[in-house]
Structure formats: C-alpha cells, structure tokens
Amino acid sequence: MKSRIKYLSLLALLILFFSAKVFSQEWNWEWGKSISNKFSGTCLQVQECDFMNNLYSVCPYDSILFMPDTTFHHPEQYSGYRNNAAILINNTKGEFVTALDLYTLPGQHIFHANVRTDQELNLYIACSFTTRMFVQDTIINHCNGPYPSSPDGLIMKLNNQYKVVWATLIGGTLQDDINEYIVDKNGDMFILSEQTASFSSPTTVSFFEQDTVYSEQDFTSISKLDKDGNMLWRNDFFGELSSTHLVQGADEQLYFWGRSYSDIIYNGDTIYNPYSSQYTSDFISIINNNGIVTKLNFFDFPVYPYNMVVNEIGEFSLTGTVYDTVILSQDTIIIPDDEYYSFIGKFDTAFQPDWYYIIPKDDNQQMGVGKIKLIENNLIFVASTDGDFQIADTIVSNSYKSEAFVVELTEDGDLVNIIKSETTHDLISSYLIMDNCNNPIISGYYQGFSYFGLDTLDSFSYYFNDGFIAKLTRTEPEIINLGPDTIACDQYILTSPEEYEYYSWNDSITNQNWYMVTESGIYHFACSNEDGCWLYDTINIDIHPGFEINLGADTTIKENDTIIISIPDQYESYLWSDGSTSNTITIIGYDYGMGTFPIWVEVTDGPCIVADTIYVTIKSEFGIDEITNNEIHIFPNPFDDEITIELKPDYQSIEIYDLNGIAVFNIDIKQSNSKSKQVELGNLTRGIYILKIKSKEQNLIKKIIKI
C-alpha cells in the first residue's frame, strides 16, 4: 500500500511562524480552573464526562489538597508522597460540584485511580492499593494474603448520590495491579490487570471472589463484569508482558496491546516472541464483546504506540515516540543520534500506513504527546513541549517555557486546527477527553499565570505545580430559548422543540418536551441528543392564583322588574355586557324590552381573565313570550341559509338578535293571506340567535341556530 507522507525535511519545509490565536479562529478557551496542594506538586488527570456533561478528574495528593469550598486533610500522611487520591467533579461550565476522597494509611499507597460513569450517572472506581483504603466512610481491606504491602486491585460502584453500592477485589499472593479500565454506557466493565508471580513464589489470584487462578509465572488478564459486579468472562495471557494498554474501538472490539520479554501463552497455545528474551517485542490482541480472542500476534512495528484509537472499520490511529531510523512502507526517516521524535499516524487493519507525521524537536527540547481522541473520524490530541511545535507544514512558535498544544486532524491527516495555552512559566498537559458536545477538555499542571478565556489561573507558588483543567469551545452550542420571563394565571405550559432525545425540567430527566408549571419560580430547562450534548435555558414564571366567577342561574323577570347582579369587589377590573365597569350591573326590564338577553361579565386580575354569562328573560306584563302552542312553526332549525316561518296573518315584524343583544336582522310583515314566510339568513355567521316575532298584542321569542 502506498502511504501518503505527512513529514517533510526541515530544509524543504516552508516554515510558517504565526500566533496560535490567529490560526485558531474557530477554537476558543472557554474556561480554566485550578486546585493546589500549596506544599508540593499537584496534577489533575481529567478522565471522564458523564451523561450530564459533568467532568471527572483524579488528583493524587499527599496530606492536604485545597479545592473550591472543600479541603481534604490527612495530617498523619507523609508530605511529598502522593499516596491518596481525590476525585473532583466539575460541571460543564467548570464550576466545582463536589469531590470524593480516596485515602489510605501512612506509608501505604493508592495508585492508578480511574473513574468512569454509566448513563444513569453511577460511578465506577478502579485503582490499586496496599493494606487498606477508605472511600465514603467505607473501609476496604487487602485480601487475605501474606504480603499486604503488595497491591490489590479494587473495583467499586457508587450510585449517583455517591453512596457505595458494592466493592470487589483482584488479589493474590504477590502484586496485582489494575492498569486500564473501560465502562460502557450500560455499566459493563472491561478491566486490564497484571498479576505478578515467579517460580520461586507462585501466586494464587482471586478474581472478584468468583474465580481463582494459580500460576508460577506473571500473567495479564482482561475481565468483563456487569453493572452488578458479576464476572461474565476473563482471558489470561501468560508471559512477561509490560506497558500494556486496553481500548475499546468504535467497532466495539477490545484492543489489547503492549510489549513482551517472553513468549505469550494463551488458552494453552504459545505465541512465540520473534526476538526470544533478548529484546522486547510488540504484540496486539483483538477481543470481541463476548471475550473471544480473534487476533493475537507479535508485529514488527517501528513505533511503539502510547495511545491508540480505532474507528468503526478497524483502522488504527496512534501516537508514540520514535528513535533511530524509522522505516514505514517505502519511507525512511532518519532520527538524529541520541534524539527522539514524536509520532502520530493512521494505519489500516494490517498496520500499513495511510498517513503519518513525525513531529521533530531541537536538541534538549522536551516533548510529549498525550491522549488522542477520535471524533467523527477526526483525530484530536494534546501535546506539550518547551520549544516550537511543528505539525505538517505548520510551526507554532514557543520560547523558553512549556506550553500545551491541542491539535485536530481530519481522517485524511489534514490539519484542521491547532491552539496553544498561554502561561508565564510552564504548563504541561497529557490528559484529554471530549465532552458530549465534542469540545476538548485538557488537564495537567502549571506554574505562574495561565490564561483561559476570561479565567486567569495563578499558581500558589513558582516552586510547586498546581493542577488545572480547561475547556476549549470547538463546537458552538445551539441556542435553545423558552421565551421571556412570563406571568401566567393558575398554570402555564412550557414547551420546547420536539427533535431532542431527552429533556430535563428542574433536573428531572424525561422524554416529554413540555412541562406544566403550577407554582411561581425559576425553572431550569435542558434538552439533549442521545449522546448527552445538553442545551440549557432558564425562565422565571410568576403564577397568579386563578379564580372563578359565577353569576348564578339563568333567570326571568317582568318588564317592570329590576334586578342587580353583583360579584366581589376584590379584582382589578370589570367589564359587563352593557359596557359598565363596576362590580355590579343593574338590569331594568323596560330598558331591555321583552326577550332573552345574554348578560356577561369579564373580570381581570393580574394575568387572569375570567368570564361568565347568564341569560335573563324579560316577560311582558300581558300576553305570552314563549311559543307554547301551534300559532307559529319555524323550520328547519338548525338552518343553513334560510328559515321558513308559518304564522298567523296578524303578526307585524320579525327581528333577530345575537347573544350580545345586537339586532342582526329585522323585517316588517305586510298583511297577507299567506301563512308562511321565507327568510334569507345566509349572511349570518354560525351560532345561536334570538328570533322575536311581534304583534300588537304580544311578542313571541324563539332560539334559532345557524349551522
């Protein structure tokens, strides 16, 4: 396979010196936060982003650690020996949430502390420890072995309230270390552990109190546990393996690699080291989710990968260090004597190069490439150096102090972006994660002043390191807006767009995109895609108490009667059907005339508007006002365009009123021998109307309905 070379000699390179700020127009430092020991060096190791975009970092410390609003202090410990570990939790804005303390006895050790989460925000902690350790008021003791000062491996689950759910150990006769640790969103765990033995001191190792292995030689294990701590499977690789690593690819396969001083024995078969025991040889194994090893072999590779990611089709991208001469496919790169260069590249499933960069440095220049992440097939990595940083045809100048560089490359190896930190003394980072919105988070240690957006970090001392964590804005968040603050009556429904997977209303997660508000207060809203990239908004809702108005039942009065309808005088405003604005209305029969009239009121109090209507029928002092006999027939009723009225010849007029008492139709009836009258009413809108037919002696009232 022909590789595409991404390294050119310095003589032929067009060198571009420029500010990282100018190049990184799309990237900005959003925030930076720090913690301090004050008496010895401190380093933050950012490791995890949970489903709510909270960030988890590990900080080894000795006897005291100062954090915002929290201090861990163990005066019995030895100053300068970082044997304890703190787990710090920051939200997506960098604000300190809380911290968990993992501590041990004087002279004992906690190391390789790792923290992971699942989608339910449970915490999974892995570490190695000697003799005894303490977590959240829980005591964890070394297994029953003859050498308590040799470490055991611990796996522990805490719920989202940080209470211990269960804890289990890998422990044997000699040393048992947990080096790498993977937790998927369902809570299944993949654990890489190394067990020490020898022919003179064989070991018996208990795995989570569920299985036991006896061995006279060192071996490395990969175990799978479910979220309840039950072991689902385990693979043991016997031999002198070192610098082992475990990652899960985007193809969901496990990739286990490292170096070996010996042959590797797996499942009774021997994979022979091509260099015997004289030199270390690189090996790699691929394991599927069911624990089946689909590949295990040594390979002759000029770069030992420190960090590796694998895409969905099994292609490798890795970082490492190269010494001496590097031969990749048809390319030969000569490294100066007694020097090392950094390396990043992409390879196919057979480890043939697609593209790569050699990252050179000057004499005595310190350089290290840290974690690498794969985001939408782009590679993002962090590196630190105390000199200029060169990648592809780009050099970012840097003089006399260490700075961190965050770099993004496309799947074809093209440089997308690069940004460096800004500090007055030194800043080193090798830890990198991506939050759920694909923004880089880096951490490490610094001295002096460091600048991250609007945040300026000032180390406690120029003689000791302080730990830091900082966030880059790589992807501008979408804007979600629930609208302005609102005053509502009785209740209010908040709604948001429907295209999101999860919704959070006042920290309660649901799949419902609306929320019924019944109490005044500030409401915190968030919505997320399936990956946990949350958008946020806050709205203040003032709920005014609702009320009811009841004018009573419909009533009938005579023409010479008067009634007064009254409602409580405790509301802001009133509007009656006759236009009056007090809390009472007086109805005089003679003022209205005979018929049935709607009497309504609209009451306003704050944002609440309440209305009620009654019908008052006014009867004549003589005659009848109801059609109670066969003097008149109206059909059809309900009607569409016209009605037919059958009536006696002595009636004089026809009038039609709407429910507000407004006349919408009237006609005089000429004397005729005809007993029926067609009335065209097609221009009326749909609704209920009052039909009044007048004669010299009486008025007849009838409700009609236009459809």
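There are 2 cavities of 30 Å³ or more in this structure. A cavity here is a set of points on a 1 Å grid over the protein atoms alone where a 1.4 Å probe fits but cannot get out, and lining residues have an atom within 4 Å of a point. Grid points are joined across faces, edges and corners, and a volume is the space filled by probe spheres set on the points. Keep in mind that this is a predicted model, where local features need pLDDT of at least 70 and side-chain atom pairs count only at pLDDT 80 or more, while totals for chains, interfaces and linings use all residues. Residues are numbered from 1 along each chain as its sequence is written, and side-chain values use heavy atoms, with hydrogens and water left out.

**The cavities**
- The largest cavity has a volume of about 60 Å³, and its lining includes V309, K346 and E411.
- That lining splits into 3 nonpolar, 3 polar and 3 charged residues (Ala, Val, Leu, Ile, Met, Phe, Trp, Tyr, Cys and Pro count as nonpolar, Asp, Glu, Lys and Arg as charged, and the others, Gly among them, as polar).
- The second largest cavity comes in at about 30 Å³, and it's lined by G595, T596, F597, Y657, I690 and K692.
- Strands β56 (595–605) and β63 (687–695) each give two or more residues to the lining of the second largest cavity (strands are DSSP runs of E, at least two residues, numbered from the N terminus).
- The largest share of that lining, 3 residues, comes from β56.

**The sheet**
- Five strands form an open sheet with mixed pairing, in the order β45-β51-β50-β47-β48 (two strands pair if DSSP finds at least two bridges between them).
- At the edges sit β45 (486–489) and β48 (508–510), each pairing on one side only.
- β50 (residues 521–528) and β51 (residues 534–544) run antiparallel and are joined by 8 bridges.

- Of its 27 lining residues, M52, N54, S504, D507 and Y536 are the closest to the centre.
- β47 (502–505), β50 and β51 each supply at least two residues of this lining.

**A buried threonine**
- T203 lies in strand β18 (residues 203–207).
- T203 counts as buried because its relative accessibility is 0% (buried means under 20% relative accessible area, with a 1.4 Å probe and protein chains only).

Key: Helices (H or I, at least four residues) and strands (E, at least two) are DSSP runs, numbered from the N terminus. On a 1 Å grid over the protein atoms alone, a cavity is a set of points where a 1.4 Å probe fits but cannot get out, and a pocket is an open set with protein on both sides within 12 Å along at least five of seven lines; lining residues have an atom within 4 Å of a point. Buried means under 20% relative accessible area, exposed over 50%, partly exposed in between (1.4 Å probe, protein chains only).
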